[in-house]
Structures are given as structure tokens and as C-alpha cells.
Amino acid sequence: MRFEYETQHLLLKILPPSARSTEQVLNFYTKNRVLFERYEATRSADFYTKFYQKKLLFHEYNLALREQCFRFWIYEKQNTDRIIGTICFYNIMHSIYDRCETGYKFDPEFWHKGYAREAMSFGISLMFNELNLHRVEAYVMKENIASIRLLSALDFQLEGICQKSIRIRGKWEDHMLFALVR
């Protein structure tokens, strides 16, 4: 597995914990804070600091080295100074499972351009062809219509509802379980 890939319109990178990367990631999260926090766990008090983001990049980089988690930061090819999104493949399990979970988030300024679909499609092919996984799962809140549309466009199938399965902003929320099987 490489740490940088190129698709038709995008660059996908696993970032090292450098000062430049830390600044770009912090800018991405800060700009999209209100939107992202609607669908995620409560953030620690120092999440929106360079120190925290550098620590997180270091941790994720090491997980990628061990092939346990791959968070790709997405850039338009013509602008490598600004992160436009991220896709992540995590909880990677081999042996009898050969599966992982996925998540993604994009700056709304870059929605409806096909970028999320392009990045996810490429990332899924890496999981199936490079890591030889059999299954990719995604958990989505029912009101996240954009995410449901993306998963449907990628041929994920709805398998059911996981009752009160993930704590979002301090409250247990139901999530729809989607899966794509090779």
C-alpha cells in the first residue's frame, strides 16, 4: 500500500505529522466544524488545536504503517495547499473477517462535483485489491441523506438499523448499516 495516490481529479494522501499537514488538517476541521459535529462524537476540548491534530496525524500515520487504518486526505490535483475532504478505512480485520469500516467527510464547497464518489470508489478498490478485503461497512444516521445517496451510488446495500449504536454529541443514535461485498 502506498501513502499517496492520484485519481482523475484528485490526490489522496496519508499525511505525516508535519507542520504543513497539521495546519491543513486543522483548517479543514475548523472551517467545517458545525457540519461535521452534527454526525460525530463529542470532541475533546483541545481537538481544534495544532497540538492535538499533530498527535492525531502521528497516530493515524502509525496505524497506516501497520495496515490497521488508512485515512486519506483529499486534494484537488491543481491545489495541494487545501484539503477538500477525507476518507478513512478503519477497524480493518483479516483472518476469517477480511472486512473494514469506512467513513468520509468533504467540505460542502466541493459537494456535487463527484469528488466523494471518485475518492471512495478508488479507496474501496484499494481495500479489495491491495488488502484483499471481502467487505466494507458504513454506518450512517438516517437524516444524512447525502451520505446515503453516496453509498447507494457506490452499490452499498442497506442491511439494517443498528439501534442506539453510536454516541453522537452525548446521545445514543440509531445508525443504518450499509455494506459492500466483493
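Q: What makes the contact between Lys31 and Glu109 a salt bridge in this predicted model?
A: The side chains of Lys31 and Glu109 meet at 3.5 Å, N to O. The cut-off is within 4 Å, so the pair qualifies. Lys31 sits in helix H1, Glu109 in the loop between strand S5 and helix H4, 78 residues apart.

Q: Why is Glu109 called partly exposed?
A: Its relative accessibility is 45%. Buried needs under 20% and exposed over 50%, so Glu109 falls in between.

Q: How do you know that Arg71 and Glu60 form a salt bridge?
A: Their side chains meet at 2.9 Å, N to O, and the limit is within 4 Å. Arg71 lies in strand S3 and Glu60 in helix H3, so the pair ties together parts 11 residues apart in sequence. Both Arg71 and Glu60 are buried.

Q: Why is strand S3 called largely enclosed?
A: Seven of its seven residues are buried. Both faces are covered: Phe70, Phe72, Ile74 and Glu76 are buried on one side, Arg71, Trp73 and Tyr75 on the other.

Q: What makes S3 and S4 a strand pair?
A: Five bridges join S3 and S4, in the antiparallel sense. Pairing needs at least two bridges, so they count as paired. Phe70 stands opposite Phe89 in S4.

Definitions and conventions:
Residues are numbered from 1 along each chain as its sequence is written. This is a predicted model: local features need pLDDT of at least 70, side-chain atom pairs count only at pLDDT 80 or more; totals for chains, interfaces and linings use all residues. Side-chain values use heavy atoms; hydrogens and water are left out. Buried means under 20% relative accessible area, exposed over 50%, partly exposed in between (1.4 Å probe, protein chains only). Helices (H or I, at least four residues) and strands (E, at least two) are DSSP runs, numbered from the N terminus.
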